[in-house]
Amino acid sequence: MTSYATSSAKAEMSELRRLKSLLPPELQSWVIVEGTTEVNPSLIRCEEIGKDQVEIQIDLVKWDALAMDQRNLLFWHEVARVQNDTIPKDGWEMAALAIGLGGAVGELWVQDGLLLVLALALCGVSGWRLYQKNNGEKQIKELLDADEKAIALATRFGYSLPNAYKSLGSALKTLVENTPSKRQRSRYEARLSALKRSANKAKAKSRNGDSGEL
């Protein structure tokens, strides 16, 4: 008799294979889809794991609670981030900032002006890069761009435009309702508001097009 654990593992592997099939052909050779092993992980996220390889990691326990169409659109959102090259990359900035600060303190002690300037310059560059990476407006724009591209990917895989918007909107509503973190919830809410505006524009454009054909 097959145990529950074995059945669950088979179901998870089946879902990962299904998601892999939802990757555009041009990404299938270098994008990996895996279940996460982290403690208290995000529902879904992507990261670079090598020079030419990206991994999309999924919390399969939380994932299983979502409807199929919701999963698909959230998955394509991450795929869009890969295509847009907006996924998190290995950060050198914190290490550089620490080295720069340490060097600045050391050069103040030995009073070497040139090395002090170089250390402060390193602090400035790494600090600016950290600011850019953590800029809230920039991050939100990247998320909104990925949502728009996820809609396009859905239509590429056979969804009608209204159903693509409906599925992503439903997924974002579910995430808003189930996310305790106020900061993360506000991001989902911003994405949902922008998606509604985009859907209304698409609907109006479609109506105008129909009127023009009459």
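**View 1. Trp76, Phe157 and Tyr159 form one aromatic cluster.** In this predicted model, local features need pLDDT of at least 70 and side-chain atom pairs count only at pLDDT 80 or more, whereas totals for chains, interfaces and linings use all residues. Residues are numbered from 1 along each chain as its sequence is written, and side-chain values use heavy atoms, with hydrogens and water left out. A search of the whole structure finds two aromatic pairs, where rings of Phe, Tyr and Trp (its six-membered ring) pair if their centres lie within 6.5 Å, and planes under 30 degrees apart count as stacked, over 60 as edge-to-face and the rest as tilted.

**View 2. Trp76 and Phe157 form a tilted pair.** The ring centres are 5.2 Å apart, with 35° between the planes. Trp76 belongs to helix H3 (residues 68-83) and Phe157 to the loop between helix H6 (136-156) and helix H7 (161-178), so the pair ties together parts that are 81 residues apart in sequence; helices here are DSSP runs (H or I, at least four residues), numbered from the N terminus. Trp76 is buried at 1% relative accessibility, while Phe157 is partly exposed at 29% (buried means under 20% relative accessible area, exposed over 50%, partly exposed in between, with a 1.4 Å probe and protein chains only).

**View 3. Trp76 and Tyr159 form an edge-to-face pair.** Here the centres lie 5.7 Å apart and the planes make an angle of 90°. Tyr159, in the loop between H6 and H7, is 83 residues from Trp76 in helix H3, and Tyr159 counts as buried at 16% relative accessibility.

Terms used. Helix = DSSP H or I, 4+ residues; strand = E, 2+ residues; numbered from the N terminus.
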